[in-house]
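Please walk through this structure one contact at a time.

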Amino acid sequence: MKILCTVKRVTDPEVKLKIGADQKSIATDNLKYVLNPFDEIAVEEAIRLRDKHQGEVIVVSVGPSDVSTQLRTALAMGADRAIQIVHAGELDSDGVARLLQKVYEQEKPDVVLMGKLSVDNDSWQAGPLLAEYLGLPQATYASKNDSLESDNEKNKVPGITIEGTTATVVREADGGIETLKVQLPAVITTDLRLNIPRYPSLPNIMKAKKKEIKEHTPQSLGVDVTPKVRVLKFELPPARKAGVKVADSAELLAKLRSEAKVIS
Amino acid sequence: MSTPVSLEELIAWTSLLSEEERLVRASVARFVRDRCQPIIAGCFEDGEFPKQLIPELGALGVLGGNLEGYGCPGMSAVAYGLACHEIEACDSGLRSFVSVQTSLVMYAIHRFGSEAQKRKWLPEMAAGRVIGCFGLTEPDHGSDPGGMKTRAKRDGDFWRLNGSKLWITNAQIADIAVVWAKTGDDEKSVTGFIVERGAEGFSATDIPRKLSMRASVTGGLSLDDVRVSEASRLPEARGLGAPLSCLNNARFGVAFGVLGAARACLEQAIAYTMGRTQFGVPLARKQLVQQELADMANEVVKASLLSLHFARLKDEGKLSPAQVSLLKRNNCRIALEAARKSRALLGANGVSGDYHVMRHAMNLESTYTYEGTNEIHALILGRALTGESAF
Ligand SMILES: Cc1cc2nc3c(=O)[nH]c(=O)nc-3n(C[C@H](O)[C@H](O)[C@H](O)COP(=O)(O)OP(=O)(O)OC[C@H]3O[C@@H](n4cnc5c(N)ncnc54)[C@H](O)[C@@H]3O)c2cc1C
């Protein structure tokens with residue numbers, strides 16, 4: 001089984017972001033980057049599926065030349081090889097999906113695994129767009145019908161079941177669990193509770209150095225990635241006002257009624 | 001208020017590290033944050049070493065991290081140093097476990113052992129299935145190990161070991177001990193043996209009321225006519241230079257490690273003084289407080305860059321013992337000072353386990369002493385500078 005898995009570099013969610021001088025970008029001085037946590041889950045799932053069904057995991061990333069660090073992380077987790085589409089400029093989900101479409105056509109994987117969103121832009125678009133452009137079935141927000149403390153999780157059993165050319169995906173829906181069956185090839189996006197991603201072990205970090213990273217550019221793939229979505233302005237959320245202490249529950253109720261107006 | 005600059009930005013290590021080194025550091029830091037940090041204050045308080053972490057450390061690949069072959073990852077000195085750094089940012093006792101396993105015991109076998117010994121022990125130790133300890137110090141001989149009383153006497157194809165060792169990390173949990181003993185009277189007769197747990201006459205004892213490295217195991221070894229085979233002798237170890245070269249190797253990990261603890265303390269002190277208001281303003285707005293923070297940052301930044309420079313020399317095989325002594329002495333000293341100062345800056349909260357600084361300070365007292373005391377390293381450096389021995 002051939003699994004294509006996307007890997008995006010995102011700003012470290014633990015670092016406080018600053019808005020750039022142009023108000024349309026994030027200031028990049030001293031920024032720390034990590035692998036998008038949702039993609040990390042996708043990589044983990046891809047490795048488990050590969051270990052179960054044999055085959056290979058190819059990770060792909062779009063971004064400036066130093067996103068090789070995130071690709072190496074995925075290779076150190078256990079992916080087999082990597083593709084990097086070098087692009088330093090602006091990019092929206094549509095551009096990403098069109099680039100991935102080309103990679104899909106070259107590689108012809110059985111499954112495309114992607115994070116359901118990336119924690120920086122939070123658009124949730126790339127997966128569904130890719131499925132649409134490829135005319136493939138999609139199953140979004142793959143989750144697990146099992147706790148993350150279960151034996152299955154400890155034994156690294158994949159949460160996505162594949163039998164023949166059908167994948168069964170469990171997803172959280174309002175008030176319950178929904179089970180989908182999709183025909184492969186398909187695009188599957190991953191949610192947080194699918195698995196606990198592994199740490200790259202130090203020996204595997206050493207070995208990842210020798211794995212292949214193949215480079216492309218939007219030009220070499222023949223894709224125009226001029227963004228269709230324009231950013232007009234970034235703004236920080238307004239600072240929260242300090243809280244107040246109330247003396248007793250009567251005062252609390254009064255304030256909820258008259259000031260916050262959340263109860264009547 | 002302007003945006004504070006982080007210690008990481010001041011040191012600016014990142015641009016000096018390879019991708020692989022950065023990944024090693026990030027992976028270990030994450031393991032420490034998720035698996036070690038949440039339990040460490042309790043382990044220290046209870047005087048318990050978190051044994052459940054051993055297989056995880058093995059799977060992560062830090063045990064024997066800088067050794068080649070036999071199931072070891074063969075990392076650079078820099079990468080291994082960074083791993084020690086991140087582990088000790090949590091606790092010096094955890095790093096001590098890694099140091100003893102890797103730089104003392106596995107290194108001794110790797111460098112001085114027979115092919116059969118290497119094949120038998122190193123892969124198991126790298127995986128964390130076999131735990132080792134290193135018995136050099138004795139009740140009456142610490143800084144002068146050449147005066148050791150433990151003796152090995154030939155007995156046909158066997159040896160008989162008699163003596164005792166004290167202050168031995170991992171003693172009570174070790175499956176094997178590398179024990180150093182003299183076969184004659186002079187230092188040239190110092191010989192190393194692999195003694196297995198359960199050997200008749202071989203036992204480990206606790207050291208009660210230990211106030212430092214409480215999340216690490218430290219004990220004594222007693223050897224009462226213990227019979228070990230000739231095949232358990234480390235064939236390439238000849239004389240006191242052998243155990244000393246192990247120490248020299250381990251000191252490097254100590255030096256990198258203690259800076260992790262120093263940074264954890266300084267970061268805590270910065271965060272605390274920024275958040276704590278006295279006399280109507282944050283403590284961090286007081287000049288006396290800023291001077292303390294600046295002094296600590298000075299030392300930590302300098303030591304970090306020196307460590308990296310020396311680690312690169314080590315990778316090139318150009319690091320001299322005098323340089324190792326300088327590094328070990330400097331880093332342990334400034335780390336202990338940073339921990340003590342941070343402790344004071346946190347006021348009463350500084351003595352609470354929840355704030356970690358006093359635990360670090362207590363641990364760092366041991367690092368100041370073990371692997372060659374502060375004074376012994378001054379003497380090594382002094383001898384290198386003057387050619388005169390003042391031991
Ligand atoms: C937590 C912990 C773990 C340890 N783990 C191990 C281990 O795994 N294996 C092992 O073999 N050992 C271990 N040790 C022992 C450690 O290496 C010794 O404590 C150290 O070598 C110092 O020896 P000592 O304690 O006998 O002190 P001493 O040698 O008695 O020194 C006492 C004081 O005298 C000073 N001094 C000594 N000689 C001179 C001199 N010539 N000139 C001036 N001052 C001098 C010292 O600097 C020190 O301040 C450990 C110690 C600790 C605290």
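The paragraphs that follow take these topics in turn.

This is a predicted model, in which local features need pLDDT of at least 70 and side-chain atom pairs count only at pLDDT 80 or more, while totals for chains, interfaces and linings use all residues. Residues are numbered from 1 along each chain as its sequence is written, chains are lettered from A and ligands numbered from 1 in the order in which they are written, and side-chain values use heavy atoms, with hydrogens and water left out.

In chain B, helix α2 (residues 19–46) packs against helix α4 (residues 77–90) at an angle of about 20°, the axes being 8 Å apart. Helices here are DSSP runs of H or I with at least four residues, strands are runs of E with at least two, and both are numbered from the N terminus. Axes are lines fitted to C-alpha atoms, for helices over the stretch in contact, and angles run from 0 to 180 degrees between N-to-C directions. α2(B) and α4(B) are therefore roughly parallel, a term for angles under 35 degrees. Residues in this contact (heavy atoms within 4.5 Å) include B:Val28, B:Val32 and B:Ile40 of α2(B), and B:Leu82 and B:Ile87 of α4(B). B:Arg25 of α2(B) also takes part in the contact.

B:Arg25 is buried at 10% relative accessibility, whereas B:Glu8 is partly exposed at 21%. Buried means under 20% relative accessible area, exposed over 50%, and partly exposed in between (1.4 Å probe, protein chains only).

Elsewhere in chain B, B:Lys165 and B:Glu138 form a salt bridge, the closest N and O atoms again 2.9 Å apart. B:Lys165 lies in strand β5 (residues 158–169) and B:Glu138 in the loop between β3 (132–135) and β4 (151–155). B:Lys165 is buried at 1%, and B:Glu138 is buried at 6%.

In chain A, A:Phe234 sits in the loop between α7 (218–221) and α8 (249–258). A:Phe234 is partly exposed, at 30%. A:Phe234 lies 209 residues from A:Ser25 in sequence, yet their C-alpha atoms are 6.9 Å apart.

Conventions
Angles under 35 degrees count as roughly parallel, over 145 as roughly antiparallel, 65 to 115 as roughly perpendicular and the rest as oblique. A salt bridge is a side-chain nitrogen of Lys or Arg within 4 Å of a carboxyl oxygen of Asp or Glu.
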